[in-house]
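Biologist: I've got a new model open and I'd like to learn how to read it. Can you walk me through it, feature by feature?

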Amino acid sequence: MDRRNIELALTRRGMLAGLAVLAARPSWALPANPDVVVIGAGAAGIGAARRLAELKLSCVVVEAADRIGGRAYTDTTTFGMPFDIGCAWIHAADRNPFYKMAEADGFKLKYHDLTLNELYTMRARADAPALKREHEAEEVIHKRTAAIARRRDIPVSRAVPRWTQPFEAAATYLGPMDMAVDLNNLSTADFAQSADLDPNYLVYEGFGTVVARAGAELPVKLSTPVRKIDWSRKGNVAVETDAGTITARAAIVTVSTGVLAAGSIRFDPVLPDWKQTAIGCVPMGLLAKIPMLIPGERFGIKPYDNVLVEYPGRQDIYFLAWPWDSDLMVGFVGGDFGWQLSAAGEEAAIDFAKERLAQTFGSDAPKKVTKALFTKWASNPLTRGAYSAALPCHYVERERLGRPLGDTVFFAGEALAGPLIQTAGGAYLSGEATAKSVAAKLKV
Ligand SMILES: Cc1cc2nc3c(=O)[nH]c(=O)nc-3n(C[C@H](O)[C@H](O)[C@H](O)COP(=O)(O)OP(=O)(O)OC[C@H]3O[C@@H](n4cnc5c(N)ncnc54)[C@H](O)[C@@H]3O)c2cc1C
């Protein structure tokens, strides 16, 4: 993979791909007896359904929301340019199927180095040596975590040698802003086995648009929540939806661990203890975005800069500055503080982000914000968080989380994506892998 910036011109094909997504309105009657029913039309469900089609198995995808994509969703109306409410970076592009699809469809892609390059502690801007110390602290945490993970599974916070300023900043950048949990809630094994996600690419048309495009031709039944999965019989499974019951030879469940933990889907027989424990041990972390439109301003910050603003009490914010040279300053909060701010609501979250702008770039800065929003993944009943992180001491539960129930109910999703956990590309690959296992079980 060439890691230099590549910018593909927005071709006619790319625009047509975007229009095709908008035009896609999957709708048809539920086929009574497909080979496989896939629950959820996010990245994993799409990966599973596409692979099932290649393996010549009939399938139906049932999706509770009124759109395809799940946690991949591009808003095209609020800011006058596409904005990803969910996933934005095509991580690990050298092995991410969405990168190839985006490239083939002529989407506009840009390599983005996620190394922290602007750090503010309270009002003080870190100079080059201070920034270097933060980079070294990240390296130390990575190395010590890897060493610990070979022997034990404990909180990653225990790999932090001392809580001096560079380590505080590194812990925030690696924890809430990346893994969506504070380091004291993150398993060393989980962190150590997750891949370095470079090369990372942004998509001008939105990552959500790429994912929706990948699912546009699939037999997806939208606005059809699954209420119950009856796996009591051998050889077939009955999936109850608001539009009727589908009986299939197998089901692939791709909903988040947050949705599973909430019990939104009833299982009959009830989930065995080992499965419920696994779901509880790999809970959802939170990453929430606060994009702000600030026309004609730059605050001395360059487009694509990664800016971390640190404040006591872990009330930190990361900004992706001016992507695509736009007027958007995209704030991110995560981990415990992300949940707190979500509970406080959109107005409080936007006020918080503006306050940080004022404290960092001057009291006039908030007045220049003309539009802002706060993403609501915490309260969304179809996700209940951003992505999963194993609790300390419980990394092994990821394996149980992925185990099938009997010979009919299989699982896929970002939580089961091995080194690419938490990512949309990983979710897609997990869907594909589960579809392959299902086909093997059905002896196709
Ligand atoms: C703010 C944020 C930023 C992120 N940034 C990135 C990033 O930059 N790069 C990256 O790769 N990843 C990122 N991620 C993570 C990425 O979006 C997810 O890992 C991925 O999209 C998950 O895909 P999935 O198919 O496993 O789950 P989902 O996308 O959650 O798909 C599951 C589907 O099941 C549906 N569903 C739920 N309940 C039911 C039911 N009862 N019946 C039927 N359907 C149901 C849901 O509506 C959903 O469509 C981000 C996530 C968030 C929230």
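Biologist: Over which residues does pLDDT stay under 50?

Modeller: A general rule first: where pLDDT is low, the predicted coordinates should not be read in detail. This is a predicted model, and here pLDDT stays under 50 over residues 1–28. The model still has 56 contacts beyond four places in sequence for that stretch. For the protein chain, the mean pLDDT is 93, and 93% of the residues reach 70 or more.

Biologist: Okay, on to the ligand. Which residues come nearest to the ligand?

Modeller: Ala44, Glu63, Arg71, Trp89 and Val226 come nearest, out of 37 residues around the ligand. By type, that shell splits into 23 nonpolar, 10 polar and four charged residues.

Biologist: Which backbone atom lies 2.8 Å from a nitrogen atom of the ligand?

Modeller: A backbone N or O atom of Trp89 does. Oxygen atoms of the ligand show up too: one is 3.0 Å from a polar backbone atom of Ala88, and one is 2.9 Å from a polar backbone atom of Glu414.

Biologist: And how much of the ligand's accessible area does the protein cover?

Modeller: Area lost when parts come together is often how the size of an interface is given. In this model the protein covers 98% of the 1,000 Å² that the ligand has on its own. Helix H2 (43–54), strand E17 (287–293) and helix H13 (424–441) are the elements giving two or more residues to the shell around the ligand.

Biologist: Let's zoom out. What domains does the assignment give for the protein chain?

Modeller: Domain 1 is put together from 12–111 + 202–282 + 387–441, and domain 2 from 118–194 + 287–372. Their C-alpha centres lie 29 Å apart, and 28 residues of domain 1 are in contact with 30 residues of domain 2.

Biologist: Now the backbone. Which residues does a cis peptide bond with omega of about 5° join?

Modeller: Most residues other than glycine have a negative phi, and most peptide bonds are trans. The bond you're asking about joins Asp198 and Pro199, with Pro199 in the loop between helix H6 (188–193) and strand E9 (201–203). The peptide bond from Asp268 to Pro269 is cis as well, with omega near 0°; Pro269 sits in the loop between strand E15 (266–268) and helix H9 (273–281).

Note on methods
Residues are numbered from 1 along each chain as its sequence is written. This is a predicted model: local features need pLDDT of at least 70, side-chain atom pairs count only at pLDDT 80 or more; totals for chains, interfaces and linings use all residues. Side-chain values use heavy atoms; hydrogens and water are left out. pLDDT is the predictor's confidence in each residue, from 0 to 100. Contact means heavy atoms within 4.5 Å. A residue is near a molecule or strand if one of its heavy atoms lies within 4 Å of it. A polar contact is a pair of N or O atoms within 3.5 Å; within protein, one must be able to donate a hydrogen and the other to accept it, and residues adjacent in sequence count only if both atoms are side-chain atoms. Accessible areas come from the Shrake-Rupley method with a 1.4 Å probe; for residues, only the protein chains shown count as cover. Helices (H or I, at least four residues) and strands (E, at least two) are DSSP runs, numbered from the N terminus. Ala, Val, Leu, Ile, Met, Phe, Trp, Tyr, Cys and Pro count as nonpolar, Asp, Glu, Lys and Arg as charged, and the others, Gly among them, as polar. Domain bounds come from an automatic or database domain assignment.
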